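Please look over the sequence and the structure shown here before reading on. The paragraphs that follow lead through a few local features, one after another.

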Amino acid sequence: MGLLEGKKALIFGVANKDSIGWGVAKAFHREGATLGFSYAYESLERRVTPLAESVGSDFVEMCDVSKDEDVDTLFEKAQKRFGTLDIVIHSIGFAPKEDLGGRYSEMSRDGFLLAVNISAYSLVALAKRARPLMPNGGSITAMTYIASERVMPRYNAMAAAKALLENAVRYLAADLGPDGIRVNAISAGPIKTLAASGIGGFRKLLRASEQVSPLRALVTQEDVGNACVFLSSDWARYITGEIMHVDAGYNILGFTATEEELLGD
Ligand code: NAD
């Protein structure tokens with residue numbers, strides 16, 4: 001029997017087959033969950049629908065999470081279809097390209113606020129609507145990145161948004177804990193996706209991460225999906241407010257050079 005047998009999960013943020021959200025969806029399907037999907041804008045429908053069909057789902061609805069009316073409508077549709085929910089996945093991020101790079105001190109107010117609105121506040125917006133659909137408790141998981149904790153080149157507006165997202169995870173965990181709803185985040189290592197392509201020099205970041213991370217590896221969408229299965233399952237029933245790193249150990253490093261590079265001096 002699958003770890004998520006009998007559970008109903010709503011997944012936000014699948015854009016294509018490279019999306020981390022899709023890695024999560026495949027792992028959830030393998031473990032027996034019933035799935036619903038929400039995508040950001042019209043033209044994504046033709047990509048997401050066949051993916052959803054391949055995991056037995058015909059709930060594929062548009063929702064721009066920066067619009068309260070969209071989020072309201074989406075959860076109304078989810079309630080009609082599923083009645084209740086057990087799992088919500090927030091795999092959403094956006095920052096304007098001009099605020100992913102350049103000098104941090106030159107970041108625009110609008111870019112900062114847009115990144116925070118779409119990438120961080122949206123978790124609060126989803127949690128608010130998910131709560132009444134989780135009368136028996138549930139699990140909400142967001143995707144984050146280590147740029148929230150440490151300075152990573154070029155992440156600027158996204159780094160700020162991820163710090164706020166992680167803060168929201170803790171406050172939502174405290175707020176929704178008495179309702180039996182757990183809120184966690186997975187801090188994934190770098191993965192080549194559509195969103196990541198907005199970060200200049202991403203290929204070099206991938207190479208460096210693989211060289212220095214303790215496990216000398218790059219994580220995949222599947223690795224994040226498998227970790228997310230655990231966090232969303234009853235095996236994690238007393239884990240909440242947690243930022244779980246799935247990054248081949250990169251986060252423990254104090255200095256990111258290989259031993260060979262250091263000894264080479
Ligand atoms: P992706 O581009 O496949 O997914 C990002 C999703 O956000 C897309 O589906 C996009 O449509 C959605 N989105 C953007 N604006 C939206 C809006 N207004 N309303 C609704 N949805 C919106 O890229 P990904 O890398 O799979 O990103 C998923 C999550 O994982 C993001 O939160 C990202 O920051 C995080 N993450 C990514 C990496 C990485 O290296 N790729 C590492 C750690 C964390």
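Leaving aside its neighbours within four places in sequence, which residues is V116 in contact with? This is a predicted model, in which local features need pLDDT of at least 70 and side-chain atom pairs count only at pLDDT 80 or more, while totals for chains, interfaces and linings use all residues. Residues are numbered from 1 along each chain as its sequence is written, and side-chain values use heavy atoms, with hydrogens and water left out.

V116 is found in helix α4, where helices (H or I, at least four residues) and strands (E, at least two) are DSSP runs numbered from the N terminus. Beyond the neighbours within four places, the residues in contact with V116 are Y121, A161 and L164, contact being taken as heavy atoms within 4.5 Å. V116 and A163, which are 47 residues apart in sequence, have C-alpha atoms 9.4 Å apart in space. V116 has a relative accessible area of 14% and is therefore buried, since buried means under 20% relative accessible area, exposed over 50% and partly exposed in between, with a 1.4 Å probe and protein chains only.

The helix that holds V116 can now be followed along its length. Helix α4 covers residues 109-130, 22 residues in all, and spans 30 Å from its first C-alpha to its last, close to the 32 Å expected at 1.5 Å a residue; that expectation is 1.5 Å times one less than the number of residues. At Y121, α4 bends by about 45°, the bend being the angle between axes fitted to the seven residues ending there and the seven starting there.

Two packed helices are described by the angle between their axes and the distance between the axes. Helix α3 (residues 68-82) packs with α4 at an angle of about 35°, their axes lying 10 Å apart; axes are lines fitted to C-alpha atoms, for helices over the stretch in contact, and angles run from 0 to 180 degrees between N-to-C directions. On the α3 side the contact is made by D68, V71, D72 and F75, and on the α4 side by A125, L126, R129 and A130.

Most residues other than glycine have a negative phi. R216, although not a glycine, has a positive phi of about 50°, and is found in the loop between α6 (202-212) and α7 (221-232). A248, also not a glycine, has a positive phi of about 60° and lies in the loop between β7 (243-246) and α8 (259-263). R216 is partly exposed, with a relative accessible area of 45%, whereas A248 is buried, at 8%.
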